[in-house]
Amino acid sequence: MFDHKSPWITEDLALFQNSVRRFIAEELVPNDERWAKEQCIDRDAWYKAGEAGMLLLSIPEEYGGGGGNFAHDAIMALEQTRAISTSLGTGVHSGIVAHYILAYASEEQKMRWLPKMASGEFVGAIAMSEPSVGSDLQNIKTKAIRDGDEYVINGSKTFITNGYHADLILVVCKTDPTQGARGTSIVVVETKDLAGFRRGRILEKLGCKGQDTVELFFDDVRVPVANLLGPEEGKGFFQLMQQLPQERMIIALGGLGTMERALADTAEYVRNRKLFGKPSLELQNTRFKLAEVKTTVTIAQAFIDDCMVKVLKRELSGEVAAMAKWWCTHNAGLVVDECLQLHGGYGYMVEYPIARQYANTRVSRIFGGSNEIMKEIIARTL
Ligand SMILES: Cc1cc2nc3c(=O)[nH]c(=O)nc-3n(C[C@H](O)[C@H](O)[C@H](O)COP(=O)(O)OP(=O)(O)OC[C@H]3O[C@@H](n4cnc5c(N)ncnc54)[C@H](O)[C@@H]3O)c2cc1C
């Protein structure tokens with residue numbers, strides 16, 4: 001179904017891609033509908049993913065990871081959206097949270113946390129957004145104030161992916177509330193039996209329904225000062241800026257996978273759907289619309305391939321990652337909308353994949369830094 005040959009997918013990676021497809025088809029897709037109803041994945045699915053070697057793909061083996069690189073994370077993101085299986089939040093867990101720990105935690109902390117994340121014993125989340133602050137992260141209100149050997153955390157977070165199951169949360173907070181970016185730090189919170197920590201309800205979403213998204217509350221939560229990520233306070237913003245391009249590429253790859261699947265399904269649908277005595281594909285409007293979609297998909301593949309080659313050489317700038325994120329997600333929205341239209345009324349039925357794609361893909365223009373923020377990042381370089 002997906003025959004595009006990417007220059008960054010080597011023979012080894014192609015074999016890995018097959019095992020990812022198998023894992024998703026066998027372990028995730030059969031459960032997705034139930035998870036969507038429950039608004040939450042089974043906790044056990046994380047252990048299964050760990051056993052199958054599907055977690056922390058690009059973390060060194062000495063920390064329990066797969067020893068791969070960003071290409072492995074990219075394949076996971078691509079294949080999940082191609083399969084319309086968004087319940088297992090590996091993008092956040094493996095692609096983001098584990099990499100903050102790898103980059104900024106002490107050796108002892110890496111040994112303590114990463115192997116548990118690789119096995120599925122710990123589920124990871126990152127908590128930046130708050131009820132009153134999303135895009136304007138410098139203005140977050142959650143505080144971590146030092147008291148002896150501990151930080152005392154107070155505040156609340158919202159829209160946190162993997163939050164319902166999370167055992168380890170990177171909490172973005174103010175260690176100096178008088179400062180903006182320079183007062184921001186990331187504190188690692190281990191949630192088990194933690195006094196003062198509370199999860200709110202699972203938020204009911206428009207799409208990506210099987211992925212748990214929750215509110216979190218911190219009331220005088222005490223964690224050791226050693227859980228500060230990085231050697232000193234006030235580095236949180238810098239750390240976010242360094243890591244976010246990777247997160248944006250994962251979302252961009254998801255946009256590409258969404259477009260590829262929408263095109264494949266719709267081409268199949270219009271070949272079979274008879275309109276006025278002939279296949280819909282013989283109508284000029286259908287042909288022209290799908291010709292446009294195929295062109296968009298081809299441009300997206302070329303752009304993503306170019307970005308991936310740069311990522312793997314560590315040459316991808318934050319600006320180009322922002323371009324990939326906004327362009328791929330924006331076009332995923334347009335493509336899915338056109339493809340849904342070609343399905344007619346069936347496209348509005350949730351049992352049809354295109355309807356689920358329509359709901360799932362909308363958020364990709366909002367999270368990971370909204371597309372408006374991506375354009376701000378790009379515009380700064382003009
Ligand atoms: C399903 C889901 C999962 C998420 N997962 C996580 C997670 O795991 N961790 C986490 O921390 N957060 C998460 N988020 C939060 C997400 O990152 C925020 O929703 C996003 O950053 C936007 O913030 P906001 O919702 O507060 O919108 P606001 O910041 O209030 O923005 C509202 C609108 O104004 C626009 N806007 C804002 N600033 C500007 C500007 N300067 N110029 C022009 N337009 C602007 C925005 O683009 C947006 O369209 C998730 C959100 C969703 C919906």
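Colleague: Is Thr158 buried or exposed?

Modeller: Thr158 counts as buried, because its relative accessibility is 6%. Buried means under 20% relative accessible area, exposed means over 50%, and partly exposed is in between, with a 1.4 Å probe and protein chains only. One caution: this is a predicted model, where local features need pLDDT of at least 70, side-chain atom pairs count only at pLDDT 80 or more, and totals for chains, interfaces and linings use all residues. Residues are numbered from 1 along each chain as its sequence is written, and side-chain values use heavy atoms, with hydrogens and water left out.

Colleague: Where does Thr158 lie, and what does it touch?

Modeller: Thr158 is part of strand 3. Helices (H or I, at least four residues) and strands (E, at least two) are DSSP runs, numbered from the N terminus. Leaving aside residues up to four places away in sequence, Thr158 touches Ser129, Glu130, Pro131, Leu203, Val214 and Glu215. Contact here means heavy atoms within 4.5 Å.

Colleague: What about Phe159? Buried or exposed?

Modeller: Phe159 is exposed, because its relative accessible area is 59%. Phe159 also lies in strand 3. Its phi is positive, about 65°, although Phe159 is not a glycine.

Colleague: Where is Asn162, and what is its phi?

Modeller: Asn162 sits in the loop between strand 3 and strand 4 (168-174). Its phi is near 70°, a positive value in a residue other than glycine. Asn162 counts as buried, at 1% relative accessibility.

Colleague: New topic, the ligand. Which residues come nearest?

Modeller: There are 17 residues around the ligand, and Met128, Ser129, Ser135, Ser370 and Glu372 come nearest. To be near, a residue needs one of its heavy atoms within 4 Å of the molecule or strand.

Colleague: Which polar atoms lie by the ligand's oxygen and nitrogen atoms?

Modeller: A polar side-chain atom of Ser370 lies 2.6 Å from a ligand oxygen. A polar backbone atom of Ile126 is 2.9 Å from a ligand nitrogen. A polar backbone atom of Gly134 is 3.3 Å from a ligand oxygen. A polar contact is a pair of N or O atoms within 3.5 Å; within protein, one must be able to donate a hydrogen and the other to accept it, and residues adjacent in sequence count only if both atoms are side-chain atoms.

Colleague: How much of the ligand does the protein cover?

Modeller: The protein covers 64% of the 970 Å² of accessible area that the ligand has on its own. Those areas come from the Shrake-Rupley method with a 1.4 Å probe; for residues, only the protein chains shown count as cover.

Colleague: Which elements give two or more residues to the shell?

Modeller: Strand 1 (124-127), strand 3 (150-161) and helix 10 (371-379) do. Strand 3 gives the most, with 3 residues.

Colleague: And by class?

Modeller: The shell has 9 nonpolar, 6 polar and 2 charged residues. Ala, Val, Leu, Ile, Met, Phe, Trp, Tyr, Cys and Pro count as nonpolar, Asp, Glu, Lys and Arg as charged, and the others, Gly among them, as polar.

Colleague: Back to the protein. How many residues are in the largest nonpolar core?

Modeller: The largest nonpolar core has 86 residues. Tyr100, Ile101, Ile126, Leu170, Leu240, Met249 and Met308 touch the most other members. Helix 6 (residues 236-272) gives the largest share of this core, 14 residues. Apart from this core lies another, of 21 residues, among them Ile153, Ile169, Val171 and Leu216. A nonpolar core is a set of buried Ala, Val, Leu, Ile, Met, Phe, Trp, Tyr and Cys residues joined through side-chain atoms within 4.5 Å.

Colleague: Where is Val97?

Modeller: Val97 is in helix 4 (residues 90-104). Val97 is buried, with a relative accessible area of 0%.

Colleague: Last one, Ala264. Which element holds it, and what does it touch?

Modeller: Ala264 is in helix 6. Ala264 touches Met1 and Phe2, not counting residues up to four places away in sequence. At 18% relative accessibility, Ala264 counts as buried.
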